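Here's a quick look at pockets and what lines them. Have the model open while you read.

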Amino acid sequence: TSTLPYLNLGKALNLQSRYDEAKTVFEDALKQNFASPQIQKGLFTVAFAKGDEAEMQRQLELLQKQEPDSALLMQGNPLIFAGKWREYQKVLQQAITMIEKDLPDVAADYASQTAVNSAALGKCKEAIDYQNRALK
């Protein structure tokens, strides 16, 4: 057995706003010793949806030990919802800078995600800049 069935089910439950069930699935994966950054991301998403800032922070700290760039990316997402666009950009810039030398494809993905978020907020010039960066 792998982490994948747990991740897929947990993500599906999150998308259906069935957060308690998703949390249980992700925690079951951990009990089975399926440690994965994706599990922390799933638990972070549950905590975010439920407004549990202490649990969000706990999951970020665990993720930080596994994938520091992913922790920055996850940390940035709530900033968008809080209307803190400039802070979000700073966090994403840190994540991109951290990995662009060793993992250029992942850095490009982060820039592309930021382009989508920029476009969704009507920040078209920034969306174009981030997408151009992703395509380098």
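In this predicted model, H5 is the top contributor to the lining of the second largest pocket, giving five residues. H5 covers 68-81, and H3 and helix H7 (104-120) also supply at least two residues each to that lining. Helices here are DSSP runs (H or I, at least four residues), numbered from the N terminus.

Among the residues lining the second largest pocket are Phe-44, Phe-48, Leu-73, Met-74, Tyr-88 and Asn-117. No charged residue turns up in that lining.

On to the largest pocket: H3 (37-50), H1 (4-15) and H2 (19-31) each bring at least two residues to its lining, and H3 has the largest share with six. Of the 13 lining residues, Lys-11, Asn-14, Lys-41, Gly-42 and Thr-45 sit nearest the centre.

| Pocket | Volume | Lining by class |
|---|---|---|
| Largest | about 310 Å³ | seven nonpolar, four polar, two charged |

A pocket is an open set of points on a 1 Å grid over the protein atoms alone, where a 1.4 Å probe fits, with protein on both sides within 12 Å along at least five of seven lines; lining residues have an atom within 4 Å of a point. Points join across faces, edges and corners, and the volume is the space filled by probe spheres set on them. Ala, Val, Leu, Ile, Met, Phe, Trp, Tyr, Cys and Pro count as nonpolar, Asp, Glu, Lys and Arg as charged, and the others, Gly among them, as polar.

Numbering runs from 1 along each chain as its sequence is written. Local features need pLDDT of at least 70 and side-chain atom pairs pLDDT 80 or more, while totals for chains, interfaces and linings use all residues, and side-chain values use heavy atoms, without hydrogens or water.
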